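Please work through each task before reading its solution.

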Amino acid sequence: MSPPSSTQRLQVTLAAMRRASDRTMVLTLRLAAGAAFDYRPGQFIGLEADDGRARHFSIANALPIDNELELHVNRAPGGAFTGALFDRAQVGDTLWMNGPYGDFSIPPD
């Protein structure tokens with residue numbers, strides 16, 4: 001897969017939420033129909049909080065599956081954004097996603 005040429009800002013839908021532990025939530029973000037989001041394994045995205053600042057999370061799946069991305073989010077003690085995800089977010093909510101960022105990867109050779 002070739003490297004993404006630039007970052008994008010896309011609206012995504014919270015398609016699923018599953019508690020993996022007391023402090024870890026698995027989130028599934030669905031891209032809009034027809035949206036293309038190219039990234040490489042090891043990259044991360046930013047989710048925009050209500051204050052407009054991005055909170056960054058690693059993408060957990062190597063490639064989008066059914067136009068969905070998976071994030072494993074740890075609840076930050078006292079964290080306003082992760083607290084809101086854990087306590088108030090619901091399937092069907094819309095979020096703004098920015099990315100991809102980073103170039104952490106294992107060289108093919």
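**Exercise 1.** Determine the order of the strands in the sheet of this predicted model, and state which strands stand at the edges.

*Solution.* Step one: the six strands follow one another as β4-β3-β6-β1-β2-β5 in an open sheet, with antiparallel pairing. Step two: β4 (54-58) and β5 (68-74) each have a single partner strand, so one side of each lacks a neighbour in the sheet. Step three: on average, neighbouring strands are turned by 40° against each other, direction ignored.

**Exercise 2.** Describe the pairing of β1 with β2, and locate helix α1 relative to the strands.

*Solution.* Step one: β1 (residues 8-19) and β2 (residues 24-31) are joined by seven bridges in the antiparallel sense. Within this pairing, Arg19 is placed opposite Met25 of β2. Step two: helix α1 (residues 80-87) lies across β1, β2, β3 (44-48), β4 and β5, and runs at about 115° to β5.

**Exercise 3.** Which parts of the chain does the salt bridge between Asp87 and Arg75 tie together?

*Solution.* Step one: the side chains meet at 2.7 Å, N to O. Step two: Asp87 lies in helix α1 and Arg75 in the loop between β5 and α1, so the pair ties together parts twelve residues apart in sequence.

Conventions:
Residues numbered from 1 in each chain as written. Predicted model: local features only at pLDDT ≥ 70, side-chain atom pairs only at ≥ 80, totals over all residues. Heavy atoms only, no water. Pairing = 2+ DSSP bridges. Helix = DSSP H or I, 4+ residues; strand = E, 2+ residues; numbered from the N terminus. Axes fitted to C-alpha atoms, helices over the stretch in contact; angles between N-to-C directions. Contact = heavy atoms within 4.5 Å. Salt bridge = Lys/Arg side-chain N within 4 Å of Asp/Glu carboxyl O.
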